[in-house]
Amino acid sequence: MTASPVPPARAARLAWRPLQRSTRVAIIAALAATLFYQLFLLNPAYRGPGWLWFAMLAAEGLTALHLIGTWWTILAHDDRPEPVDATVWRNRLRAGAEVPSIDVFITAYGEEPALVRRTMIAARDMDLPHRTFLLDDGDSDELREIADEVGIGYLRRPGGAHAKAGNVNAGLARTNGEFVVIFDADHVPEPSFLLSILPHFHDPDVAFVQSPQFFTNNVNLVATGSGEAQRIFYELVCPGKNHFNAAFCVGTNVMFRRAALDDIGGIWTGSNSEDIWTSIELHKRGWKSIYVPQVLARGLAPQDVPSYLKQQLRWASGGFEVLLRGRLFKSGIGLTIDQRLQYLFCGTHYLLSMAMLTFMLFPALYLLFALSPIRADGFAWATHYLPFQAAVLLVTWLQSGGFKLSAIVASIGATPVHLRALGGVLLGRPAKWKATNAAGGDGTRSLWAVMPLFALLTLNITAIVVGVLVMADPAPTWLSVGWASMIVLILGRMILESVTGGRLRRGAKPPAGSPEAARPAAGGQPTTRPQQIAATA
């Protein structure tokens with residue numbers, strides 16, 4: 001069971017829950033359980049075939065390394081109150097003090113005009129004086145007309161070089177605000193966004209302030225799962241990164257100091273993951289970042305599997321670029337050891353998919369070929385593995401108030417595309433940039449997008465049948481059948497989501513911020529005010 005959602009009207013005003021004492025105790029217990037399990041795996045008495053044993057050690061070792069890094073980050077949860085200077089500045093702004101110049105950018109590239117219109121209006125109507133611009137890389141005359149209608153600036157550029165980064169840099173070149181806010185076209189800000197974020201720049205060394213992404217369209221498994229994974233990331237991990245001055249930009253719901261961007265030559269253009277690379281460059285120059293754990297904008301998660309996998313391909317490519325090309329541990333680059341480690345974990349998160357693929361092959365190897373990386377009876381294995389697995393889930397459960405199985409399904413379903421991203425980075429073939437919620441993308445049906453999952457599904461079903469028919473040792477056979485069956489259920493659910501276009505839960509009221517919710521009824525007008533993997537085990 002998951003925790004009851006916070007009412008939308010209150011969510012924007014509430015920070016994420018502080019780190020509970022029970023979570024700290026659970027993390028310590030999880031560290032002990034991890035050590036207990038790793039020592040079991042390393043015991044030569046239980047070693048199976050050498051190559052398979054080494055594969056398991058690598059997979060489990062990578063998982064343990066990333067989990068320890070994640071728990072370390074969570075334990076550093078930044079519960080410090082807002083600085084007094086920020087509070088004083090906010091009170092002065094409320095009282096009518098002069099506001100520094102602020103430019104608000106909405107980046108668009110082929111999204112539904114109704115969706116973009118809603119974001120335009122909400123951005124225009126935020127508290128505090130500011131200028132709002134639509135940066136349209138899709139050359140849409142309809143969006144130009146809408147921008148004129150709602151009274152905001154419209155900027156278009158030729159060529160489209162460097163995707164979103166180039167679009168923002170073109171906007172920077174044609175504006176002069178002291179501060180710059182960036183919203184994706186499908187992220188609708190709260191009226192209080194500027195008033196909540198701006199005062200954190202009281203420290204002149206702060207380059208940017210990031211607020212979380214929060215998704216409202218829980219209409220099917222992929223939207224719910226991807227949104228839940230992001231929620232846990234922003235609630236559990238980001239406050240810890242903030243403690244280490246390692247919070248990074250996520251591309252939307254962020255405010256920059258223009259002087260900081262000028263210092264590094266603008267938004268980074270050497271990668272389609274411009275957000276994290278821009279953060280790295282700023283941190284290298286000694287600038288600070290701040291993460292504000294407060295929902296101040298609401299967006300849309302991908303609503304079909306192909307869109308979700310394209311998003312994951314782009315994000316994973318960025319993580320692997322940082323891991324393999326970031327030279328994070330090169331001396332003299334200006335990053336603290338804590339910052340280097342936090343950026344390292346961005347890459348190891350996606351590297352977990354290699355471990356996950358290994359785990360999905362183990363039951364089939366036993367059922368088909370009687371190959372097992374560990375030679376131990378079921379009781380010995382269970383007494384070492386189950387405490388580790390339970391502790392991992394307990395940590396997430398305690399702090400996040402529960403989690404949804406859809407997050408696990410969506411995460412495991414993205415395994416092949418993460419490995420594809422790794423191959424692309426190794427071969428120098430970066431993922432192409434594409435807007436997540438481009439017009440016409442919602443509800444796409446595709447079996448081709450999940451063919452790697454279908455191959456794994458077929459392998460495990462075949463293994464189950466063969467294993468049951470030629471059963472020699474009942475205990476490990478049934479254990480492997482249970483493991484393979486779980487894999488079949490997870491992969492099958494993701495495949496079903498893809499071939500149905502995510503329509504299994506359709507028919508519900510359209511989520512706030514979606515094109516359907518923003519579209520006016522006959523004779524009516526659109527509203528003008530708006531009402532996101534758990535650690536892979």
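**A buried pair**

I began with phenylalanine 359 and phenylalanine 362, and both are buried (under 20% relative accessible area, with exposed over 50% and partly exposed in between, using a 1.4 Å probe and protein chains only). I keep in mind that this is a predicted model, where local features need pLDDT of at least 70, side-chain atom pairs count only at pLDDT 80 or more, and totals for chains, interfaces and linings use all residues. Residues are numbered from 1 along each chain as its sequence is written, and side-chain values use heavy atoms, leaving out hydrogens and water.

**Aromatic rings**

My search of the whole structure gave 20 aromatic pairs. For phenylalanine 359 and phenylalanine 362, the ring centres are 6.4 Å apart and the planes meet at 55 degrees, so I noted the pair as tilted. Rings of Phe, Tyr and Trp (its six-membered ring) pair if their centres lie within 6.5 Å; planes under 30 degrees apart are stacked, over 60 edge-to-face, and the rest tilted. I also found one aromatic cluster formed by Tyr37, Phe40, Tyr46, Trp381, Tyr385 and Phe388.

**A charge over a ring**

Next I checked arginine 47: its charged end sits over the ring of tryptophan 53, 5.2 Å from the centre (the test is NZ of Lys or CZ of Arg within 6 Å of the ring centre and within 35 degrees of the ring normal).

**Positive phi**

Which phi values did I find for histidine 162 and asparagine 245? Histidine 162 has phi near 65 degrees and is partly exposed at 48% relative accessible area. Asparagine 245 has phi near 55 degrees and is partly exposed at 22%.
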